[in-house]
Amino acid sequence: MSNHIDDYLQQGIHGPRGPKPDERRRFLGTYRERIVIALTQAQIREKGIYKQVEVAIKKNRKARLYLNGNMNYGLLTKYTRIAAKYQMNFTMVTNREHDTEIGLVLAYDYAIDKEEIYVKKQIPKAKKEKSNRNGLFANLFKRK
């Protein structure tokens, strides 16, 4: 009987037990199979925004934006503004016991099983041009 009472108290404190608790902690309270797009905290800390996120928000208006509440709100405002622009609700998810590397998730409340949810790291334009220039010169002066 004491196990039953303990389980009842734990559910009252932490909420009902559900499947894949580690996955839910990692993905800001949702499941991986529901996610349209995700950014890491490091990506959110970068200057500028990821255009892929704005495009995803625009195309998936019935989804919900989840933001990592353990992060500085000032870093997240660039994405909350995009959500407001497209009249999308967002939720700040704060978990004091577990801090995930995920900073932002756009997800539905049902499974969509999208294969690739992570956005590739942005390369600043100056670096792109420089690397292309180096590749061009390397090809021009290639020894035969």
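Predicted model: local features only at pLDDT ≥ 70, side-chain atom pairs only at ≥ 80, totals over all residues.
## Reading strand E4 and the cores around it

Student: Which strands pair with E4, and in what sense?

Tutor: E1, residues 35-40, pairs with E4 in the antiparallel sense over 5 bridges. E2, residues 64-68, also pairs with E4 in the antiparallel sense, over 4 bridges. On that side, Leu 67 has Leu 104 in E4 as its bridge partner.

Student: Why is E4 said to be largely enclosed by the rest of the structure?

Tutor: Count buried residues, taking under 20% relative accessible area as the cut-off. For E4 (residues 102-107), 6 of the 6 are buried, so the strand is largely enclosed by the rest of the structure.

Student: And how should I read a nonpolar core?

Tutor: The general idea is that in soluble globular proteins, nonpolar side chains tend to be buried together. Here the largest nonpolar core has 22 residues, and those touching the most other members are Leu 39, Val 53, Ile 57, Leu 65, Tyr 79, Leu 104 and Leu 106.

Student: Which elements give two or more residues to this core?

Tutor: They are E1, E2, E4, helix H4 (51-59) and helix H5 (73-85). H5 gives the most, with 4 residues.

Student: What is Tyr 79 in contact with, leaving aside neighbours within four places in sequence?

Tutor: Its contacts include Leu 39, Val 53, Leu 65, Leu 67 and Leu 104, along with Gly 48 and Tyr 50. There's also a second, separate core of 10 residues, with Phe 27, Ala 38, Ile 102 and Val 105 among them.

Student: What's the general rule for side chains along a strand?

Tutor: In a regular strand they alternate between the two faces of the sheet.

How values were computed:
Residues numbered from 1 in each chain as written. Heavy atoms only, no water. Buried < 20%, exposed > 50% of the residue type's maximum accessible area, 1.4 Å probe, protein only. Pairing = 2+ DSSP bridges. Core = buried A, V, L, I, M, F, W, Y, C linked by side-chain atoms within 4.5 Å. Contact = heavy atoms within 4.5 Å.
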